[in-house]
Amino acid sequence: MKNALGQVDTVLLLGGRSEIGLAVVERLVRAGATRVMLAARGGTAPVGRLQALGAEVHVADFDAALPETHPRLVQEAVAKLGDLDVVIPAFGVLGSQAIYDADPVAAARDVAVNYGGHVSVGLAAAARLREQGHGTLVVLSSVAGVRVRRANFVYGSAKAGLDGFAQGLADALHGSGARVVVVRPGFVIGRMTAGMKPAPMSVGVDAVADAVIEGLRSGRQTIWVPARLRAVFAVMRILPRAVWRRLPR
Ligand SMILES: NC(=O)c1ccc[n+]([C@@H]2O[C@H](COP(=O)([O-])OP(=O)(O)OC[C@H]3O[C@@H](n4cnc5c(N)ncnc54)[C@H](OP(=O)(O)O)[C@@H]3O)[C@@H](O)[C@H]2O)c1
């Protein structure tokens with residue numbers, strides 16, 4: 001439950017070992033959140049740092065690829081935390097287009113996580129937020145979904161689906177007191193992109209987390225990281241296909 005000043009008290013992180021997710025949760029705890037649930041595959045997640053900051057930290061088993069378990073997971077979170085102030089689905093798999101080209105089944109599995117998993121757990125969380133009449137779902141989309149590139153079009157198309165889902169859900173929740181914030185980072189230097197050559201305008205994990213906190217504070221619906229990617233993609237979106245497909249990978 002948010003306190004009288006509207007400060008976040010409880011946080012549910014789905015993908016409880018995500019670098020970006022944990023960096024956001026740490027900031028929310030530093031700002032006053034007292035109860036956290038980290039939901040991750042196998043039910044293990046790094047609790048020490050958050051506990052050292054004074055938070056009560058719960059851990060739960062969560063697999064994005066098992067949608068039938070998602071409503072129960074949200075119920076478990078409510079039982080442990082009470083009302084959910086902020087829910088952050090931060091799970092995802094970057095994958096490789098070359099591997100997907102050779103293994104369509106692997107591609108479909110990752111799409112089921114990157115899109116389907118967000119749909120099932122997002123709807124389950126949204127139902128709870130609507131019932132409470134407050135709370136924020138922070139969806140980690142990507143510029144990869146704003147205009148899909150040939151270099152990673154399986155990942156990008158799942159992010160495009162996710163971004164559309166999040167916008168539709170935001171509109172569906174309008175007036176309920178609950179809301180959805182869409183975060184669109186560019187290339188983030190971190191574990192997910194380890195070994196890859198950073199793209200122009202790359203940022204670190206901390207920059208994403210800072211932008212999410214600032215966006216939550218200012219009530220923004222969409223958070224681009226870095227912010228100038230919004231203008232860049234206003235142009236990218238309308239580049240002719242013949243130009244777009246020739247852009248460097
Ligand atoms: N890093 C970037 O460049 C970037 C850019 C734009 C958007 N994003 C998005 O931001 C989000 C967070 O990324 P990140 O940088 O924090 O990456 P990360 O540190 O690699 O975290 C991704 C997390 O997703 C979890 N995950 C994967 N499959 C799962 C499944 N089936 N069930 C449950 N959890 C699963 C992983 O769990 P394990 O710990 O078990 O592997 C991992 O903890 C992702 O949605 C990503 O697509 C990232």
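**Exercise 1. Overall fold**

How many helices and strands are there in the chain?

*Solution.* The model is predicted. Start with the secondary structure: the chain holds 9 helices and 9 strands. Next, take the radius of gyration, which is 18 Å. The globule rule gives 18 Å for 249 residues, so the chain is as compact as a globular protein of that length. Then look at the extents. Along the principal axes, the C-alpha atoms fill a box of roughly 55 × 35 × 35 Å. Of the 249 residues, 40% count as buried. Among contacts with a separation of 6 or more, 62% join residues 24 or more positions apart.

**Exercise 2. α3 against α5**

Find the angle at which the axes of α3 and α5 cross, and classify the pair.

*Solution.* Two packed helices are described by the angle between their axes and the distance between the axes. Locate the helices: α3 covers residues 70-81 and α5 covers residues 104-132. Their axes come within 8 Å and cross at roughly 40°. Angles under 35 degrees would count as roughly parallel, and 65 to 115 as roughly perpendicular. Now list the residues. From α3 come His70, Pro71, Val74 and Val78; they meet Ser120, Val121, Ala124, Ala125 and Arg128 of α5. By class, this contact has 6 nonpolar, 2 polar and 1 charged residues.

**Exercise 3. α5 against α6**

Determine how α5 is oriented to α6, and which residues meet.

*Solution.* Helix α6 spans residues 153-173. It packs on α5 at an angle of about 10°, with the axes 9 Å apart. That angle makes α5 roughly parallel to α6. On the α5 side, the contact residues include Ala107, Val111, Tyr115, Val119 and Ala126. On the α6 side, they include Val154, Ala158, Leu162, Phe165, Leu169 and Leu173. By class, the contact has 12 nonpolar, 4 polar and 3 charged residues. Asp110 and Arg130 of α5 are among the residues in this contact, as is Lys159 of α6.

**Exercise 4. α1 against α7**

Describe the packing of α1 and α7 by distance, angle and hand.

*Solution.* Take α1 at residues 19-30 and α7 at residues 205-218. The axes come within 9 Å and cross at roughly 50°. That makes α1 oblique to α7. The crossing is right-handed. Helix α1 contributes Glu19, Ile20, Ala23, Val24 and Arg27. Helix α7 contributes Val205, Asp206, Val208, Ala209, Val212 and Ile213. Sorting by class gives 8 nonpolar, no polar and 3 charged residues.

**Exercise 5. Ile99**

Does Ile99 count as buried or exposed?

*Solution.* First place the residue: Ile99 lies in helix α4, residues 97-102. Count its C-beta neighbours inside 10 Å: there are 12, so Ile99 counts as exposed. Then compare sequence with space. Ile99 and Leu140 are 41 residues apart in sequence, and their C-alpha atoms are 24 Å apart.

**Exercise 6. Backbone exceptions**

*Solution.* Recall the background: most residues other than glycine have a negative phi, and most peptide bonds are trans. The cis bond joins Val225 and Pro226, with omega about -5°. Pro226 sits in the loop between β9 (222-225) and α8 (229-236). Phi of Met201 is near 65°, a positive value. Met201 belongs to the loop between β7 (188-189) and β8 (203-204). Met201 has 13 C-beta neighbours inside 10 Å, so it counts as partly exposed.

Conventions:
Residues numbered from 1 in each chain as written. Predicted model: local features only at pLDDT ≥ 70, side-chain atom pairs only at ≥ 80, totals over all residues. Helix = DSSP H or I, 4+ residues; strand = E, 2+ residues; numbered from the N terminus. Rg over C-alpha atoms; globule rule 2.2 N^0.38 Å. Buried ≥ 20, exposed ≤ 12 C-beta atoms within 10 Å, placed from the backbone. Contact = placed C-beta atoms within 7 Å. Axes fitted to C-alpha atoms, helices over the stretch in contact; angles between N-to-C directions. Parallel < 35°, antiparallel > 145°, perpendicular 65-115°, else oblique. Nonpolar A, V, L, I, M, F, W, Y, C, P; charged D, E, K, R; others polar. Left-handed = near helix turned anticlockwise from the far one by under 90°.
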